[in-house]
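Welcome! Please have a look at the sequence and the model below, and then we can walk through them together.

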Amino acid sequence: MKNIILAIFLSLGLVFTSGMSGCKTNPETVAYKASKGSSITVEAALASWNDYVGQGKATLDQERVVKRAFEKYQTAQLAVLDAAIAYRTAKDAGATGTDTAQAKLNAAIAGASAALAGVIQLLTQFNVIQN
Amino acid sequence: MNAALLQLALFAAEKLLVHAPTLFAGFQNLVSKKSVTVEELKAERDRIASQSYKELVPNSKLPPEELDK
């Protein structure tokens, strides 16, 4: 059991830090991994939230706040994937100026990380996720 | 990895234990992936776009007019 926890933790760590490690993974693959990894995390977090709501512990206002945070994360994730698609398409076409597309992709990833952190912070604040 | 991401990773790991076999295999594939195609990126985009709070939180007590927004 502990080995599975450690293996998943290491996998998650690799996903979240692959963009910062300096390893030679192309930017669109980093974006894809980051998107997949964070969507698994958000889905797990909202599954916990769903249980919490089902137990009658959440107010409607709290639900509204979480819903907005999820939608903000979703918008940010779509921006990442749109930027990754644009970058990869430009690269495949042999276009010059992929530096600009990569800069946009990096900015989108940073925005999505912040939106993801917002969802998790909220659920921690509501004691759905324990510190 | 900074402290916030560490906490995030630990939380996700804990939750993933419930579904360890399937999701662990998914993570193994994800981590070992060397490159991604435009089609895979578009498929992931469509998947994220199709998600909704209503679908992910079926126990929601929000009124239908708010859930369907």
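## A first salt bridge

Let us start with one pair of side chains: A:Arg64 forms a salt bridge with A:Asp61, and their closest N and O atoms are 2.9 Å apart. A salt bridge here is a side-chain nitrogen of Lys or Arg within 4 Å of a carboxyl oxygen of Asp or Glu. A:Arg64 and A:Asp61 are separated by about one helical turn, because they sit three residues apart in helix H3 of chain A. Helices are DSSP runs (H or I, at least four residues), numbered from the N terminus. An α-helix has 3.6 residues a turn, so residues three or four places apart point the same way.

How open are the two partners? A:Asp61 is exposed, with 51% relative accessible area, while A:Arg64 is partly exposed at 25%. In these terms, buried means under 20% relative accessible area, exposed means over 50%, and partly exposed lies in between (1.4 Å probe, protein chains only).

## How to read this model

This is a predicted model, in which local features need pLDDT of at least 70 and side-chain atom pairs count only at pLDDT 80 or more, while totals for chains, interfaces and linings use all residues. Residues are numbered from 1 along each chain as its sequence is written, chains are lettered from A and ligands numbered from 1 in the order in which they are written, and side-chain values use heavy atoms, with hydrogens and water left out.

The predictor gives the complex an ipTM of 0.76 and a pTM of 0.75. Chain B has a mean pLDDT of 79, and 58% of its residues reach 70 or more; pLDDT is the predictor's confidence in each residue, from 0 to 100.

Over all chains, the count comes to 11 salt bridges. One of them joins A:Glu71 to A:Lys67, with the closest N and O atoms 2.9 Å apart. Both residues lie in helix H3 of chain A, four residues apart, about one turn of the helix. Here A:Lys67 is buried at 8% relative accessible area, whereas A:Glu71 is partly exposed at 27%.

Which side chain does B:Arg45 meet in a salt bridge? The partner is A:Asp82, at 2.5 Å from N to O. This pair crosses between chains, from helix H3 of chain B to helix H3 of chain A. B:Arg45 is partly exposed at 24%, and A:Asp82 is partly exposed at 36%. Elsewhere, A:Glu28, A:Arg88, A:Lys91 and A:Asp92 are linked in a network of salt bridges.

H2(A) has 28 residues and reaches 40 Å from its first C-alpha to its last, close to the 40 Å expected at 1.5 Å a residue. The expected span is 1.5 Å times one less than the number of residues. This helix is mostly covered, with 22 of its 28 residues buried. Just after H2(A), A:Gly56 takes a positive phi of about 75 degrees.

Two residues of H2(A), A:Trp49 and A:Tyr52, lie three residues apart, about one turn of the helix. They form a stacked aromatic pair, 5.5 Å centre to centre with 20 degrees between the planes. Rings of Phe, Tyr and Trp (its six-membered ring) pair if their centres lie within 6.5 Å; planes under 30 degrees apart count as stacked, over 60 as edge-to-face and the rest as tilted. Both A:Trp49 and A:Tyr52 are buried, and together with A:Phe126 they form one aromatic cluster.

A:Asn50 is also found in this helix, and is buried at 11% relative accessible area. Leaving aside neighbours within four places in sequence, A:Asn50 is in contact (heavy atoms within 4.5 Å) with B:Leu56, B:Val57, B:Pro58, B:Asn59 and B:Ser60.

## The nonpolar core

The largest nonpolar core has 44 residues, and those with the most contacts inside it include A:Leu46, A:Trp49 and B:Tyr53. Such a core is a set of buried Ala, Val, Leu, Ile, Met, Phe, Trp, Tyr and Cys residues joined through side-chain atoms within 4.5 Å.
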